[in-house]
Amino acid sequence: MGKPKANTGPLARRPDNSAFKQQRLPAWSPMLTANTVLPFFYLMAVLCMLLGVWLLLTVQRTQELKVDYTQAGSCDKCFEQRKNVSNALQKCNCTVVFSVEEAFKGNVFIYYGLYNFHQNLRRYMDSRDDGQMVGRSNNLKNPSSYCEPFARDPNGLPIAPCGAVANSIFNDSFTLMYHGSGTATPKQVPLHRTGITWYTDKNVKYRNPQVGNQTLVQVFEGTVPPPYWQKAVYNLDPYEPNNNGFINEDLIIWMREAAFPNFKKLYGVLNRNFEPFGKGLPAGNYSMEISYNFPVEYFRGRKGVILSTVSWFGGQNHFLPIAYLVTSGLILLIAVALTVVWWKFGKNSKNMEE
């Protein structure tokens, strides 16, 4: 038997006579009155206020110390030296002295911070070759055109890693010394310099190219480091062989671009296996010996070191607590205004008619 013909004519497109298609399903239509809306507004204002105060107290419990060393201490001579591009390969070391008034308890994270450095420019962010960074041998010797003008050197040799992001890596290094509260012999503050990246970055997104049983030096033979670099990519960490190449953790952290011009990136974590750092960073006098390499005067920026503890909420960031408190205030203001309007007009319908 053939399929029956569909109805034709003006009623051919009429929906079926069902509760769903004829919109006869039961529905709940709330009646918004002052007795239901105003308590909701006051309740939301109280909840936002409590949440904002709780987060603010949590943030206040974290400790943070910022040390701007752009031109501090003996670093002013290095700042002037880095103004001349011809001095880029000349080493310059300086020392900055500071004090910690209150002991940092628990894990202490050491960051480097840059100010007025825009990593979020589109052309800058595109200037990289993710295929090269993931360890593809073809991309190692044939970098992407997105890396131009940092794809090949004047002799035509491929740059590894290529691109403006890798070329501008932050290359200052720090040695933190603890002097105690008196004239005791200074002790170097031990830091964990590995294990500070995301697991997916270290093990998935960034990999060294593999060519048979060749060593890392042999794999990168025929390539050159970026123009701004002072070391080859396979020799970034002479103390830890597994922290070289594209899986170097300083490189991985730098390659994750920041969204804002003022940012901080993790440099290391306090190693609490040595005394007197078992409970954290003790109060006292400190000095920081800096290998001053990264120039900031070209973009009118500044740089510094940040010492910080963290909580479940993260570091010391007041944005979310303040946002909740401001939202609570606005909701409360609206609730009071609606209450006044209801008290004046809503309780007696004659007032509305007038």
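β5 supplies four residues to the lining of the largest pocket, the largest share from any element (helices, H or I with at least four residues, and strands, E with at least two, are DSSP runs numbered from the N terminus). This is a predicted model, where local features need pLDDT of at least 70 and side-chain atom pairs count only at pLDDT 80 or more, while totals for chains, interfaces and linings use all residues. Residues are numbered from 1 along each chain as its sequence is written, and side-chain values use heavy atoms, with hydrogens and water left out.

The largest pocket holds about 1200 Å³. A pocket here is an open set of points on a 1 Å grid over the protein atoms alone, where a 1.4 Å probe fits, with protein on both sides within 12 Å along at least five of seven lines; lining residues have an atom within 4 Å of a point. Its volume is the space filled by probe spheres set on the points, which are joined across faces, edges and corners. Of the 35 lining residues, S173, R193, K231, L236 and Y267 sit closest to the centre of the largest pocket. Two or more lining residues come from each of β4 (109-115), β5 (173-180), α9 (249-255) and β10 (284-291).

Next comes the second largest pocket, with about 890 Å³ of space. It is lined by 25 residues, and the closest to its centre are Y111, F263, K264, K265 and L266. At least two lining residues each come from β1 (64-68), β4, α9 and β8 (263-270), and β8 gives the largest share, four residues.
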